[in-house]
Amino acid sequence: MTEPIKLLMLDWDGTLVDSIGRIVESMQAAARHVDVTPQSDAAIRGIIGLGLPEAIRELHPELLGDSRYAPFKDAYSDHYMALEASPSAFFNGAFEMLEQLREQGVLLTVATGKSRRGLDRVLSNKGLTDYFVATRCADETASKPDPLMLHELMAYCGVKPEHAAMVGDSVFDLRMGKNAGVRTFAAAYGAMPAPVLLAEQPDGLLQQFTEIGNFFTHHSTETEKASEHAL
């Protein structure tokens with residue numbers, strides 16, 4: 001029988017909040033700022049989930065060791081922060097599902113490619129500074145798909161991999177989860193299309209975030225049946 005999930009580790013952009021368009025726009029604005037050719041929407045969506053240095057390396061390797069690297073980073077951050085003056089909205093029903101899971105006793109954490117500064121800012125703007133049990137960001141640990149941030153979250157929460165799951169909208173999220181030995185759920189409504197995510201063989205495919213609740217309902221029902229049988 002599948003072990004119940006006690007700890008849910010969540011990507012932020014494209015999984016909980018609808019910020020993909022802003023990331024794409026900011027990357028393209030930064031490229032124009034330093035006079036390099038902006039990458040396509042599809043190319044940028046393909047690196048969402050990585051930390052900013054890793055994303056720049058993938059999209060604009062010509063900037064590595066170049067004097068335009070720092071101005072690019074700054075321009076991206078400035079443009080994105082300006083757009084986030086009004087924080088990106090949660091996907092429909094996402095926050096309500098988080099509330100439901102918390103009421104069920106599920107530990108909620110965030111594992112994101114955002115910087116600590118960026119995540120703290122958005123959590124503060126949404127009034128969620130103390131909402132999650134723990135959070136990890138790419139600039140304070142290893143970037144995805146390295147599993148370090150998930151190992152850190154599990155250690156902090158005292159939960160073993162068989163009781164943990166990762167939810168994300170990129171192959172980097174899913175590979176990180178696999179590397180950490182936890183179950184993975186692919187958010188097909190985010191940055192990357194379902195066929196790309198399915199190639200990573202996730203344990204579940206979500207067409208909307210609220211569908212994650214189905215897996216918890218299933219596990220709860222199985223646990224209740226086992227308990228009744230034991231009695």
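Let me start with a term: a residue is buried if its relative accessible area is under 20%, exposed if over 50%, and partly exposed in between, using a 1.4 Å probe and protein chains only.

The structure is a predicted model, in which local features need pLDDT of at least 70 and side-chain atom pairs count only at pLDDT 80 or more, while totals for chains, interfaces and linings use all residues. Residues are numbered from 1 along each chain as its sequence is written, and side-chain values use heavy atoms, with hydrogens and water left out.

First, the whole chain. The protein chain has ten helices and six strands; helices (H or I, at least four residues) and strands (E, at least two) are DSSP runs, numbered from the N terminus. The radius of gyration is 18 Å, close to the 17 Å that the globule rule gives for 231 residues, so the chain is as compact as a globular protein of that length. That radius is taken over C-alpha atoms, and the globule rule is 2.2 Å times the number of residues to the power 0.38. Along its principal axes, the C-alpha trace spans about 70 × 35 × 30 Å. Of the 231 residues, 50% are buried. Taking contacts (heavy atoms within 4.5 Å) between residues at least 6 apart in sequence, 65% join residues at least 24 apart.

Next, strand β3. Strand β2, residues 107–112, runs parallel to β3, and four bridges join the two; strands pair if DSSP finds at least two bridges between them. Together, β2, α6 and β3 make a right-handed β-α-β unit. Right-handed here means that, with the strands pointing away from the viewer, the path from the first strand over the helix to the second runs clockwise.

Is β3 covered on its faces or open? Both faces are covered, with Ala-134 and Arg-136 buried on one side and Thr-135 and Cys-137 buried on the other. In a regular strand, side chains alternate between the two faces of the sheet.

Thr-135 is worth a slide. Its relative accessible area is 13%, so Thr-135 is buried. Its side chain makes a polar contact with the side chain of Arg-116, at 2.9 Å. A polar contact is a pair of N or O atoms within 3.5 Å; within protein, one must be able to donate a hydrogen and the other to accept it, and residues adjacent in sequence count only if both atoms are side-chain atoms. Leaving aside residues up to four places away in sequence, Thr-135 touches Val-110, Arg-116, Leu-119, Leu-123, Glu-140 and Leu-153.

Now the salt bridges, meaning a side-chain nitrogen of Lys or Arg within 4 Å of a carboxyl oxygen of Asp or Glu. How many does the structure hold? There are ten.

Glu-140 forms one with Arg-116, the closest N and O atoms being 2.6 Å apart. The pair links distant parts of the chain, 24 residues apart: Glu-140 is in the loop between β3 and α7, and Arg-116 in helix α6, residues 116–125. Glu-140 is partly exposed, at 38% relative accessible area.

Asp-11 and Lys-144 form another, with closest N and O atoms 2.9 Å apart. Asp-11 lies in the loop between β1 and α1, and Lys-144 in the loop between β3 and α7, so the pair ties together parts that are 133 residues apart in sequence. Both Asp-11 and Lys-144 are buried.
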